[in-house]
Amino acid sequence: MSASRSITILGSTGSIGQNTLDVVSRHRDNYRIVALTANTDVDTLEKQCLQWQPEYAVMSDLSSAQQLADKLKNGGLATQVLAGVEGLQQVSSLEQVDTVVAGIVGAAGLLPTLTAAESGKRILLANKEALVMSGQLFMDAVRNNGAELLPVDSEHNAIFQCMPHAVPGMAAPEQHGVNRILLTASGGPFRSTPLDHFGEITPEQAVSHPNWVMGQKISVDSATMMNKGLEVIEAHWLFTVPQQLIEVVIHPQSIVHSMVSYNDGSILAQLGNPDMRTPIAHCLAWPERIDSGVEPLDIFDVAKLEFEKPDFQRFPCLKLCNEAMQAGGSASVALNAANEIAVEAFLHKRIPFTAIAALIESVLSQITITDVNSLDDILAADLSARELAQSHINRSQTV
Ligand code: NAD
Ligand code: MG
């Protein structure tokens with residue numbers, strides 16, 4: 001590899017964070033871990049600090065940060081422990097860091113990821129919620145500060161690989177003959193579950209994805225297909241493509257990670273085993289290639305690849321995402337916020353699976369959609385949608 005890179009991993013204790021460390025562990029001479037971060041998982045972050053000896057460790061939760069600091073001090077480690085969102089922003093903008101892995105889940109990732117963009121870093125973007133919330137503002141921050149945005153989300157990474165001219169955020173792909181983006185989706189665990197069983201779906205069933213091992217929130221999003229709707233919005237911003245050119249394709253095997261169709265009749269696809277270490281390794285080394293530790297795909301073994309149209313009745317969240325995107329302004333912020341509240345409530349068994357889409361729909365229909373021209377606008381829209389969603393849940397439980 002040509003140059004070594006110095007990395008901050010936002011959300012190092014999560015699925016994306018751990019997969020990133022796995023890839024980096026195969027190339028220790030080429031990557032230096034400068035900062036690791038987590039929310040409340042003190043034990044995992046302590047183990048990671050002992051293994052990687054970063055300069056900084058950040059815990060957003062203040063008492064967790066204090067616990068980690070005590071443990072690391074007792075262990076004689078020089079790692080400096082920071083706390084809160086300010087700590088996250090600090091390690092996203094350190095001069096000695098050139099690469100920031102955005103692996104925090106949900107809206108909590110917005111501020112540190114935006115800071116990385118404003119600081120001109122190479123950003124390995126997994127945290128799609130940040131982009132869904134801040135779209136234009138985030139892409140402007142990337143462009144205006146010379147940041148480099150590389151998509152880790154497997155579908156977007158596949159699209160990126162199938163568009164050799166693409167620099168995320170820089171040009172409209174139609175200029176290079178792209179006429180359609182085919183965004184693949186596995187269809188999740190309930191692709192063929194009878195619709196009248198949806199009311200009894202448990203959190204345990206929803207988080208066991210047939211093809212991918214991921215964090216809880218994105219697993220539920222995959223089960224409702226909200227994840228795919230968020231990914232349409234993500235693709236729109238990343239690749240500067242209009243929504244109408246992005247088509248969701250159900251592909252149950254999760255071997256084709258997305259496709260790009262060109263006006264000469266070509267469709268380019270990226271294939272591989274469903275393992276996030278492939279897109280992570282691609283982004284870590286880009287434009288070079290490194291070993292990711294992923295088993296090579298045996299095409300004879302997978303021989304059969306199926307593609308279907310999505311069923312909007314089964315997956316109303318897909319439709320809600322399309323509508324929010326069309327509405328523009330703060331609608332995507334409200335959609336994302338309502339979804340985060342709904343998923344959390346479902347995981348705690350406070351609402352049934354089917355109430356996730358219903359809750360988002362009522363929040364979107366009741367809330368006032370405003371223009372979003374600043375970070376303050378985004379944060380205000382996020383907060384009011386969260387409050388409205390929470391009040392719906394509280395009300396439904398007192399009836
Ligand atoms: P996860 O739940 O496994 O990990 C989340 C990480 O974020 C943890 O390190 C956690 O400590 C941290 N975190 C959570 N809340 C936080 C808060 N309030 N403040 C600071 N840090 C906080 O999630 P994941 O599956 O790794 O997903 C991370 C992001 O990557 C999500 O946006 C998801 O949509 C995206 N993504 C994940 C996968 C995957 O395979 N897991 C694939 C594509 C995209
Ligand atoms: Mg994805």
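**Metal site, ligand shell and aromatic pairs**

Me: Is Glu 231 buried or exposed in this predicted model?
Reply: Glu 231 has a relative accessible area of 0%, and a residue counts as buried when this value is under 20%. In this predicted model, Glu 231 is therefore buried.

Me: Which residues are the protein donors of the magnesium ion (ligand 2)?
Reply: The donor residues follow the spacing D-x1-E-x75-E in the sequence, and the pair Asp 153 and Glu 231 links distant parts of the chain, 78 residues apart. Asp 153 sits in the loop between β7 (148–151) and α7 (154–161), whereas Glu 231 belongs to helix α10 (residues 226–239). Lying 2.1 to 2.2 Å from the ion, the protein donors are Asp 153 (OD), Glu 155 (OE) and Glu 231 (OE).

Me: How much of the accessible area of ligand 1 does the protein cover?
Reply: A polar side-chain atom of Thr 13 lies 2.8 Å from an oxygen atom of ligand 1, and a backbone N or O atom of Ser 15 lies 2.9 Å from an oxygen atom of the ligand. For Asn 127, a polar side-chain atom is found 3.5 Å from an oxygen atom of ligand 1. Of the 830 Å² of accessible area that ligand 1 has on its own, the protein covers 86%.

Me: How many residues of the shell around ligand 1 are charged?
Reply: Ligand 1 is surrounded by 22 residues, and Thr 13, Ile 16, Ser 60, Glu 129 and Gly 215 are the closest. Dividing the shell by residue type gives nine nonpolar residues and 10 polar ones, while the number of charged residues is three.

Me: Why does the ring pair of Phe 160 and Trp 286 count as tilted?
Reply: Phe 160 lies in helix α7 and Trp 286 in the loop between α11 (277–285) and α12 (299–302), 126 residues apart. The ring centres of Phe 160 and Trp 286 are 5.5 Å apart. Planes under 30 degrees apart would count as stacked and planes over 60 as edge-to-face, so this pair is tilted because its planes stand at 40°.

Notes
Residues are numbered from 1 along each chain as its sequence is written. Chains are lettered from A and ligands numbered from 1 in the order in which they are written. This is a predicted model: local features need pLDDT of at least 70, side-chain atom pairs count only at pLDDT 80 or more; totals for chains, interfaces and linings use all residues. Side-chain values use heavy atoms; hydrogens and water are left out. Donors are N, O and S atoms within 2.8 Å of the metal (3.2 Å for Na, K and Ca); water is not among the atoms, so sites may look incomplete. Helices (H or I, at least four residues) and strands (E, at least two) are DSSP runs, numbered from the N terminus. Buried means under 20% relative accessible area, exposed over 50%, partly exposed in between (1.4 Å probe, protein chains only). A residue is near a molecule or strand if one of its heavy atoms lies within 4 Å of it. A polar contact is a pair of N or O atoms within 3.5 Å; within protein, one must be able to donate a hydrogen and the other to accept it, and residues adjacent in sequence count only if both atoms are side-chain atoms. Accessible areas come from the Shrake-Rupley method with a 1.4 Å probe; for residues, only the protein chains shown count as cover. Ala, Val, Leu, Ile, Met, Phe, Trp, Tyr, Cys and Pro count as nonpolar, Asp, Glu, Lys and Arg as charged, and the others, Gly among them, as polar. Rings of Phe, Tyr and Trp (its six-membered ring) pair if their centres lie within 6.5 Å; planes under 30 degrees apart count as stacked, over 60 as edge-to-face and the rest as tilted.
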